[in-house]
Each structure stands twice: as structure tokens, then as C-alpha cells.
Amino acid sequence: MQAQLIANDIACRRGDRLLFKGLTLACEAGDAVHVAGANGVGKSSLLRILAGLLRPFAGKVEASGAIGLVDERLALDPNQPLGKALGFWEQLDSADRPGRVHDLLQVEALLDVPVRFLSTGQKKRAALARLINSCCPIWLLDEPLNGLDTEAQGTVERLVAEHCASGGIAVVASHQQIFLPGARTVSIGDFV
Ligand SMILES: Nc1ncnc2c1ncn2[C@@H]1O[C@H](COP(=O)(O)OP(=O)(O)OP(=O)(O)O)[C@@H](O)[C@H]1O
């Protein structure tokens, strides 16, 4: 089954503020989308709606394929060494090639370090390794370049491009420039 993610006529309300309305997004296998917009416009909220973690005020989201979200919440046990914390998810997700990107994301040398001691950039690398090991076809990445050095930023751009080239979908919220070949941009400000 090919991956698909369709958000139809979405509106998002947080507290008593309507952040955006009438947002439609249709992603097929191989698509990359850059979600752009100023601070507070609702990029993270849109990703949480797409992930099924936040109910839209209006509209509907339909997905074919498992969804993996990387945002500022790490989803790794802070008290476990990183290797064990990643292993928990690899087992749960029945990862077919666990650890395949540990080298690339330079987490190999950190596997015995408790998650809570990791630096900001190391935590981001670990979160991306968790996502990639999970083999989810639909990636939702909220500010994936935050905290990463220039080399790691390039690695992430390459991993996203490879994911889409192999039939995955990537929806990437970022206020920074991010190089995603063939990506289209959705500016949340257009739906306010
Ligand atoms: N639980 C909540 N209750 C009320 N308002 C909220 C809640 N969560 C977020 N907001 C508000 O919704 C707005 C959009 O937040 P969101 O995090 O989606 O924006 P963003 O575009 O991702 O911002 P940034 O670029 O700063 O990360 C903000 O004004 C925020 O204060």
C-alpha cells in the first residue's frame, strides 16, 4: 500500500483564537512539504493535527501508512542509556534494520549515555534515529534542524530526500531554510 496523507479543509483553534482555516493538503508517496510561517502561526499545531494528536476545529485528516512525529518532546526515557531507550522503540516498532542510521547521525558513541545527559543537538539526532528506525512511511518533522550543527543539518536534509525518493512522505515545519528537493511550501499565514 502506498503512503498517503490528506488533510481536508482544516481549521485550528487554540484557546479562544482561530489560528488558521481552510487548509487543505494532499500528500502522495514521494512528496515533501515545507510548512512555513512566523512564530506562533500554528506550524506545530498543524503537525499535531496531522499526527492525530490534536483534534482540528474543522476538517478531517486521513492517512494510509504509519505516522512518525519528531518534535521538541523527545519520547525517549530520560533515565535510560540511549541505546536502551532506542531499543525499546525498535522492539515496539519491530524495526527491520535497527541502528542503521546510528553511524550517520553519530549516535553510536552515545549509546551508553543516559538520555537526560545528552546535549540539545545530540537529543535531536537521537529523536531522528528513533524515527528512522521505526520505518514509518509518513514523517512529520517539527523544526528538525534546531540545535544541529551544519554537517548534521545536511545529513537530515539528505535523509529526508532519500526517504521521499523511496516512496515516503515528509511534512517538515521549519522557520529556517531547509533544502528539500522538489518540496512544495505551505505558508500557514495564507490560511489565517
Ligand atoms: N494548549 C494550548 N492552548 C492555548 N493556546 C495554545 C496551546 N498550544 C499552543 N497555543 C498557541 O497556539 C499558537 C500556535 O502555536 P504553535 O506552537 O502551533 O506555533 P508555531 O507556528 O509552531 O510557532 P513556533 O515557530 O514559535 O514554534 C501560539 O500562539 C500558542 O501560544
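Helices (H or I, at least four residues) and strands (E, at least two) are taken here as DSSP runs, numbered from the N terminus. Residues are numbered from 1 along each chain as its sequence is written. The model is predicted, so local features need pLDDT of at least 70 and side-chain atom pairs count only at pLDDT 80 or more, while totals for chains, interfaces and linings use all residues.

Let us start with the whole span. An unreviewed UniProt entry lists residues 5–191 as "domain: ABC transporter"; UniProt positions are given in the numbering used here, feature names are shortened, and annotations may be inferred rather than shown by experiment. Residues 5–191 are 27% helix and 28% strand, and their end C-alpha atoms lie 19 Å apart.

Now follow the sheet. Five strands form an open sheet in the order S5-S6-S7-S3-S8, with parallel pairing; two strands pair if DSSP finds at least two bridges between them. S5 and strand S8 (184–187) stand at the edges with a single partner strand each, so one side of each has no neighbour in the sheet. On average, neighbouring strands of this sheet are turned by 15° against each other, direction ignored. Such angles run from 0 to 180 degrees between N-to-C directions, and the axes are lines fitted to C-alpha atoms, for helices over the stretch in contact.

Four bridges join S5 and S6 in the parallel sense, and here Leu69 stands opposite Leu140 in S6. S6 and S7 run parallel and are joined by five bridges, with Trp139 opposite Ala170 in S7. S3 and S7 also pair in the parallel sense, over four bridges, and Ala32 stands opposite Ala170 in S7.

How many residues of S7 are buried? Five of its five residues are, where buried means 20 or more other C-beta atoms within 10 Å of a residue's own, exposed means 12 or fewer, partly exposed lies in between, and C-beta atoms are placed from the backbone. Ile169, Val171 and Ala173 point one way from S7, whereas Ala170 and Val172 point the other way.

Helix H3 (residues 120–134) lies across S5 and S6 and runs at about 175° to S5. H4 lies across strand S3 (32–36), S6 and strand S7 (169–173), at about 145° to S7. Contact between two residues is counted when their C-beta atoms, placed from the backbone, lie within 7 Å.

Two loops deserve a look at the backbone. In the loop between strand S5 (67–70) and helix H2 (82–92) you will find Ala75, which has a positive phi of about 60° although it is not a glycine. Ala75 counts as partly exposed because it has 14 C-beta neighbours inside 10 Å. In the loop between strand S6 (138–142) and helix H4 (150–165) sits Glu143, also not a glycine, with a positive phi of about 50°. Glu143 is partly exposed, with 19 other C-beta atoms within 10 Å.

Finally, turn to the ligand. Which residues are around the ligand? They are Arg14, Gly15, Leu19, Gly37, Asn39, Gly40, Val41, Gly42, Lys43, Ser44, Ser45 and His175, a residue being near a molecule or strand if its C-beta atom, placed from the backbone, lies within 6 Å of it. Helix H1 (residues 43–50) gives the largest share of this shell, three residues. The shell divides into two nonpolar, eight polar and two charged residues; Ala, Val, Leu, Ile, Met, Phe, Trp, Tyr, Cys and Pro count as nonpolar, Asp, Glu, Lys and Arg as charged, and the others, Gly among them, as polar.
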